[in-house]
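Below is a short briefing on a protein model. Please view the sequence and the structure first; the notes follow.

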Amino acid sequence: MIDVSIIIPCYNTARYLDDCLSSALTQTGVRIEVIAIDDASTDQTWDSLCNWKSDHPNLLSIERLDKNRGQAHVRNLGLKRARGEFVAFLDSDDQYRDADTLQRWLETARAQQAELCVAQRSTLYENGKIAPPLLVPVPKDGTGNAQTTPELTNTTQCWQILYRNDFLTRHSLAFSSQLRQREDRLFFLEAFLRADRIAVTKQDVILYRDHANSTMRRIDLAQLSQLNTHLKLASSLLQNARAEGRVSPDFERANIVSYWCQLARYWQPLIIAGLSGGDSEERSLAQAHLHHLDAMSRGLEPLYLDTYRAGVPQNEELKREASLDVMRMAVSAGRNDILIDMLQGERIHISRLIPLIEQSTYVWARDAVQHYLKFNRLAQFKEEQIATGTPQRLDQLVKRVVLHIGMPKTGSSSVQEHILSNRLALLDQGVHFPIFGAGREHGVRWHRSSGHLALFRKLLIDNEGDMVRRRLVAEITSLEHPVHTLVLSCENLLSPVFWNAFATDTTDGQDILSRIAQGLGIEQFDIALTLRRPDDWFRSYYRELTANPFNNFIATPSEMIRNLDETGVLDHRNNLDYLKESQHVANLHVTGFGEMKAQGGAIPWFFNLLGTPDPVTAHAQSPMANESLSDTVAANIQLLKKTHPDRKQAEHVFKELLESNVLDGHDFDLIGAADWEFFDKTFGARTQDYDALFPQERPVKRPGDEPTPLVVHPMVLNVTSGLIWNGLQGTQGRSSLNAPLAHILEKYRYMTNSLSWKITRPLRRALEALRRLRQSR
């Protein structure tokens, strides 16, 4: 009885074939047959197959076609000849990772009684570097299917899957005879739609070779034609599965994401050429491609809401920033001008997006545009040409400017996100939240808004007030919509970034409010300000700064207390006096954090003072608002930052900390008893001032004298211990130890007693090296 039949289509891959066949024919612990079919190669592929056949006559079956028929035909021939319980595909330029790959893969499939078993794969580049896999998550219940597990769409190749042979036979599954290439995803998509039990293993099974001669790298009209046929067939498969109740909307949406990403990042040169007046074949293929994508997307919710389909960072950005959805709208409305600009990497101006909403037939078009506009950052637009000469003043265009200025950790971010998610509804009411200068982070913290921090940096730090004013005037003018109120939000105006200029003379003799007034071209503005009890604010703000893996903040609580004392950021009484006395403040709206929460929170409070009904047409879609993480998570991130990881490594660990429950239920006090004693000594009088203003608020709970041991996440432990050990390499005798590393080991020396998992070898060696180093001193 053969356990696994390995089908290998071969075409002009003699250069890689030895590695491929060696990895297949040397599999251990499993009974295999290898079926290799040469698709009329013109290099030495057939000669190589014959040599391997002579060495492995019982395991290897070879065949040569008299003319080239394409991968789909060759794989189907292999399926007809396969006698194994399971079938595996392997491309002739790829290879299995280990000698026991199939044995372990097969064990998982059998243990789960799976019809299909998906595995992971890595990429081998021509320079020898190996990229880690984009993981297909393991179903929580062991197995899943297209109704329950949209994460399966992260599968990218048919050779990532081990197929039960009788399952393929029962459903007459084969590669489409209409496709010479581009058949891969269509085949396993149909398998997913037919299967009831699909298992996933964490095992990395195949090393996929990325090289210039790969069929998947070709971008030409013939390949686009093949893809169009693929899309037509895939649309029919999904339509039938939908009618039979065998696929969920989440699975369909996650699946279509990959096709739109291919359009934006792979096929865009051909589509642009076809839509820009190419020859008849180019136009026909480009239009057919967009037609099929549009048909497959109909009835699906916005792609930016998908949380199942992962991808490379560039593709993830296209999805989560709603660029793919704006492309969908442009295609459905026939707005080739917008689609071409987006395919060329341009951001689309709001004045073109508002008409697109009306032209599109999608009910979610307005929400998608509002989401897309969150990510324009400092983009330049031809629709906002800045006229030369003296710029207009803002007070000639709007009646009121509201500065929503903080403090940090008082709900400012939730207000910003709510406004951003309802920007167009507010514009209908004559309220505009400028797109220019509204920041957004990249990477894993993409959901975090910094408000108009970028705008105020330009205005106050870079001294570019004229440019800021001209950009705002140009934006408002381009809207062709009446605006009576302009809202600018920047919680960091009440943080050390700007505070050294607040209420003091600057180099040009202006205080910060005067510089804002001059820069914006207004005489007066309203101030909306939420304060927070100093100890409660300090605990929350210190935790947030510490928990950000992408800043360089590793200060101790006492160090931050000294810094805050110098900036005056917690001197609420004097700061309020300054705001009340400023000639530029028309109306001052101040509340305490507790008082604001009693009124329903930051959003109702802000819209009440704005005098505008809360539109509530859309709620923020962020998976995590700007909320503080736990002290335990923050301390883990602080430990990570002290080893200075690169951004990619920090992002990977941070994502794991967000998604993992390893640290749940483990308490830790980021600010110790001695730190609180120093805080009270430094800010006691200012806390009393705050209590006089808002007497209903209470002090925060303080830790006991005995510190709580920190539980360290295994991934943080692995990263830091590896870096520590590397830093200790070469130290001998009385050599000095890198000070930050020594500090880390000293501060977290007790963590070995609080971990329930095995300490890694590098950390054990690092701790032992530190012990010997201290003894030698």
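In strand β2, Ile32, Val34, Ala36 and Asp38 point one way, Glu33, Ile35 and Ile37 point the other way, and all are buried (under 20% relative accessible area with a 1.4 Å probe, protein chains only; exposed is over 50%, partly exposed in between). In a regular strand the side chains alternate between the two faces of the sheet. The model is predicted: local features need pLDDT of at least 70, side-chain atom pairs count only at pLDDT 80 or more, and totals for chains, interfaces and linings use all residues. Residues are numbered from 1 along each chain as its sequence is written, and side-chain values use heavy atoms, without hydrogens and water.

**Strand β2 and its partners**
- Strand β2 spans residues 32-38, and seven of its seven residues are buried; helices (H or I, at least four residues) and strands (E, at least two) are DSSP runs, numbered from the N terminus.
- Seven bridges pair β2 with strand β1 (residues 4-10) in the parallel sense, where pairing requires at least two DSSP bridges between two strands.
- Ile37 of β2 has Pro9 opposite and also stands opposite Glu63 in β3.
- Strand β3 (residues 60-64) runs parallel to β2 and is joined to β2 by five bridges.
- The chain passes from β2 through helix α2 (residues 45-55) to β3 in a right-handed β-α-β crossover, meaning that, with the strands pointing away from the viewer, the path from the first strand over the helix to the second runs clockwise.
- A right-handed β-α-β unit is also made by β1, helix α1 (residues 14-25) and β2.

**Five-stranded sheet**
- Five strands form an open sheet in the order β12-β13-β11-β14-β15, with parallel pairing.
- Its edge strands, β12 (431-432) and β15 (585-592), each pair on one side only.
- Three bridges link β11 (residues 400-404) and β14 (residues 525-531) in the parallel sense, and Leu403 stands opposite Ile527 in β14.

**Helix α11**
- Helix α11 (residues 313-320) has Glu316, Leu318, Lys319 and Arg320 as its buried residues.
- Their cover includes α8 (249-265), α12 (323-333) and α15 (365-373).

**Whole protein**
- The protein has 32 helices and 15 strands, and 57% of its 777 residues are buried.
- Of the contacts (heavy atoms within 4.5 Å) with a separation of 6 or more, 82% are between residues 24 or more positions apart.
- The accessible surface comes to about 33300 Å², with 47% belonging to carbon and sulfur atoms, by the Shrake-Rupley method with a 1.4 Å probe.
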